[in-house]
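Please open the structure in a viewer and keep the selection panel at hand.

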Amino acid sequence: MKELNQYIRLSNEVRDALQCGAPVVSLETTIISHGMPYPQNVETALAVEDDIRRRGVIPATIGVLDGKIAVGLSREEIERIGKEGLRATKTSRRDLPYVLAKGLTGSMTVTATMIASHLAGISFFATGGIGGVHRQGENTMDISADLQELSHTPVAVICSGAKSILDIGRTLEYLETGGVPVVGYQTDEMPAFYTRESGFRLPMRVDTPEEAASLFRIARALSYPGGMVVANPVPPEDAMDSETIDRAIANALEDAEREGITGKEISPFLLARIAAETEGDSLRSNIALVRNNARLAADIALAYAKG
Ligand code: PSU
Ligand code: MN
């Protein structure tokens, strides 16, 4: 392990890869602790790492352990965060100094993973979906810090859009205001995580990893401070039926309202309800899309490294 400073360490494998300019893809841990149940969460995290390695790219799963950000978790460390589950502190930008100061076990959101990736020198990050503007967000002001981070931190996030537990239209408006390119991968539409369609068209599309890499390269050349979203729809065979998922989401939102769930608890609550109601179909779809995003992120990182 190499310490970048007192609060962040890189695994030897990640450090060596970055030192010689080899492609690296980062991965978040909130999806492990809060997004999926044990043991599927750990199995998925390890499968995703394998998917990336098989393409000759180094994976860097990122979390907070014992008061340090660890970039490149070992299998045992992934297992530890997976077993902690909801007991791990879901860590976004505002939480990070506190979690480090208290020596807590923290799982990192998209926001926190972007921060750590950038500190380490990693440009590509694969996950399932980003946070966004919540439904009723115009009243509650519940807008994920992920959206602000995307306009501040130069990391490309390869994901399947945002879940329709969120207000996808307002999420796209917010990203536009923040100057964040949101580019469809082989699609003209923003995907809605479990489904390939959301009804919201995207003004940008790329069809190859090379094109995605060139967009990122140009944004760097223009000194853009922020990152970008590469929106990669779930493979057709793993997509959910939109009626089934819409019904599950509507029921989950009602439950959340009735039980008074708000703030950082809302997304994990909705995810668990949806998985229960769809009897695991949503979990299967979730696993498939994350692995698909990891493979695409690896291909983009490879294309970027070739220059
Ligand atoms: N969306 C998902 N699964 C997740 C998350 C989002 O489909 O696990 C996690 C990600 O870590 C994301 C975070 O960064 O939730 C957003 O949380 P909030 O809305 O509290 O910012
Ligand atoms: Mn929130």
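Begin by selecting Tyr-224, located in the loop that connects helix H10 (209-221) to strand E12 (228-231); helices (H or I, at least four residues) and strands (E, at least two) are DSSP runs numbered from the N terminus. This is a predicted model, in which local features need pLDDT of at least 70, side-chain atom pairs count only at pLDDT 80 or more, and totals for chains, interfaces and linings use all residues. Residues are numbered from 1 along each chain as its sequence is written, and side-chain values use heavy atoms, with hydrogens and water left out.

Tyr-224 counts as partly exposed because its relative accessibility is 40%; buried means under 20% relative accessible area, exposed over 50%, and partly exposed in between (1.4 Å probe, protein chains only).

Next, select strand E9 (residues 156-159). Ala-156 and Ile-158 point one way, Val-157 and Cys-159 the other, and all are buried. E9 runs parallel to E12, joined by 4 bridges, and Ala-156 has Met-228 as its bridge partner in E12.

Finally, select ligand 1 together with Lys-90, Val-110 and Ser-144. An oxygen atom of ligand 1 lies 2.8 Å from a side-chain N or O atom of Lys-90. For Val-110, a backbone N or O atom is 2.8 Å from a ligand 1 oxygen atom. In Ser-144, a side-chain N or O atom is 2.7 Å from an oxygen atom of ligand 1.

Technical notes. Chains lettered and ligands numbered in written order. Polar contact = N/O pair within 3.5 Å; in protein donor to acceptor, adjacent residues only side chain to side chain. Pairing = 2+ DSSP bridges.
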